[in-house]
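Reader: Could you walk me through how to read helix packing and a ligand site? I'd like the general idea, then the case at hand.

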Amino acid sequence: MNKLIELVNLKLTEYTKSITNPKLQEIIHYTLFPGGKRLRPLLLLSILADLEIDLKKGINQAAAIEMIHNYSLIHDDLPAMDNDDYRRGRLTVHKKYGEADAILAGDALLTDAFKYLALGDIDPKKLIEIIILASNNSGSNGMVLGQVLDINSNFKSLSLEEVSVIHYHKTRDLIHLAIKAGAVIAGLNEKSQKEMDNLADYFGIAFQIKDDLDDYEDLNSSDLENQKATYPSTIGKAESIKLLQEYKTKSLEICSNILGDKMFYNLIERIL
Ligand code: GRG
């Protein structure tokens, strides 16, 4: 797993060094390093590792998805959105560098990501499929839709279905992109790709439930301040834990059938 993270960090370093404006380079470096768990690149690359496919085939796409994820975090933290001062134990980008530069760094990460999505020694048809997937999963019918629904739900009480739709798009969509890109690069057949879509649904929602549960008793959480509808605030802590376990088991089952009990399997065990 560490080897995979090292590869991702190398690619993100190469990207950061390519930014010619020193201020923008500093802000993007601050955003990407030391970074978070690198979950989305790990999901993509572990599919390749488990199927013994050269990791170089997916490294550009793995780094690109991490860039899209980091753009979304910068924008999510802005005063007009969740208004958070801290992320990953450090000042958020707008708190450290100001709002205008934070917005622009997010814009640059999202835009630059599309170049990295298109790079690599992969069949051009697969590259086009992944670029369209990236747009669909992060754009107006994907993660941005999730954020729009979320922002408009502050201070409202929601049904489980409404909460699920928000998180399906806000969190599951980018996870789906990472898993699906791995499946496309690996050349999985249609049936296995459908199963991997199901895995992305279970894992994506379970990851959000886990995140909500971790935040639930945190009195400094912006979810609490913005009175956000979360899984535990909607269906209770015990039901949330039950749903998390059910989705984790289903994710592990699918993974075991398609990839075996190897790196991806261990990643699910570790993250959920
Ligand atoms: C601004 C268009 C736009 C979208 C923002 C991703 C997102 C949508 C909001 C983040 C809010 C949040 C905390 C969602 C819960 C799940 C989640 C995506 C957590 C952060 O992902 P991790 O844990 O982060 O993978 P690290 O820090 O490890 O990279």
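Reader: Which residues in H4 meet H9?

Author: Contact here means heavy atoms within 4.5 Å. On the H4 side you have Lys 57, Gly 58, Gln 61, Ile 65, Ile 68 and His 69, and they meet Leu 174, Leu 177, Ala 178, Ala 181 and Ile 185 in H9. By class, that contact has seven nonpolar, three polar and one charged residues. (Ala, Val, Leu, Ile, Met, Phe, Trp, Tyr, Cys and Pro count as nonpolar, Asp, Glu, Lys and Arg as charged, and the others, Gly among them, as polar.)

Keep in mind that this is a predicted model: local features need pLDDT of at least 70, side-chain atom pairs count only at pLDDT 80 or more, and totals for chains, interfaces and linings use all residues. Residues are numbered from 1 along each chain as its sequence is written, and side-chain values use heavy atoms, with hydrogens and water left out.

Reader: At roughly what angle do the axes of H4 and H9 cross?

Author: Axes are lines fitted to C-alpha atoms, for helices over the stretch in contact, with angles from 0 to 180 degrees between N-to-C directions. Helices are DSSP runs (H or I, at least four residues), numbered from the N terminus. For H4 (residues 56-77) and H9 (residues 160-186), the axes come within 11 Å and cross at roughly 170 degrees.

Reader: Now the ligand: which residues come nearest?

Author: A residue is near a molecule if one of its heavy atoms lies within 4 Å of it. Of the 18 residues around the ligand, the nearest are Lys 37, Arg 40, His 69, Asp 76 and Arg 88. A polar contact is a pair of N or O atoms within 3.5 Å. Lys 37 has a polar side-chain atom 2.5 Å from a ligand oxygen atom, and for Arg 40 that distance is 2.8 Å.

Reader: Which helix supplies the largest share of the shell?

Author: H4, with six residues.

Terms used: Helix = DSSP H or I, 4+ residues; strand = E, 2+ residues; numbered from the N terminus. Polar contact = N/O pair within 3.5 Å; in protein donor to acceptor, adjacent residues only side chain to side chain.
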